[in-house]
Amino acid sequence: MSEIVKVEDMVLPLRLEVLSGDEFLNRIVTTSDVSRPGLELTGYFSYYPHDRIQLLGRKEMTFAEKMTADERLIVMRRMCEEDTPAFIISRGMDAP
């Protein structure tokens, strides 16, 4: 990535809705790579790319919906690392 991009710089142009974490909009995105955290939802974090934007699509959301609230909370807390810039839920789906 040749220029510095803050999360807030992506919200308006991409028409993203911020559901939580307004105080973190100044986080810098350090890579153009995106992660689809399917394995992490199962609890596998050995190679978790925590510095990437985490994109939750239909597969990830369907899997998360089948988890108990406690299981989801444990996994999401692990995914929320200090240098994780943002989570994006695609297709207008609701956050769990």
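Mentor: Start with the elements: helices (H or I, at least four residues) and strands (E, at least two) are DSSP runs, numbered from the N terminus. This is a predicted model, where local features need pLDDT of at least 70, side-chain atom pairs count only at pLDDT 80 or more, and totals for chains, interfaces and linings use all residues. Residues are numbered from 1 along each chain as its sequence is written, and side-chain values use heavy atoms, with hydrogens and water left out.

Trainee: Which element gives the most to the lining of the largest pocket?

Mentor: α4, with 5 residues.

Trainee: What makes β3 and β4 a pair?

Mentor: Two strands pair if DSSP finds at least two bridges between them. β3 and β4 are joined by 2 bridges, so they meet that rule, and they run parallel. Val 34 has Ile 53 in β4 as its bridge partner.

Trainee: Why is Ser 35 called buried?

Mentor: Its relative accessible area is 5%. Buried means under 20% (exposed is over 50%, partly exposed in between; 1.4 Å probe, protein chains only), so Ser 35 counts as buried.

Trainee: What joins the side chains of Ser 35 and Gln 54?

Mentor: A polar contact of 3.1 Å. The term needs a pair of N or O atoms within 3.5 Å; within protein, one must be able to donate a hydrogen and the other to accept it, and residues adjacent in sequence count only if both atoms are side-chain atoms.
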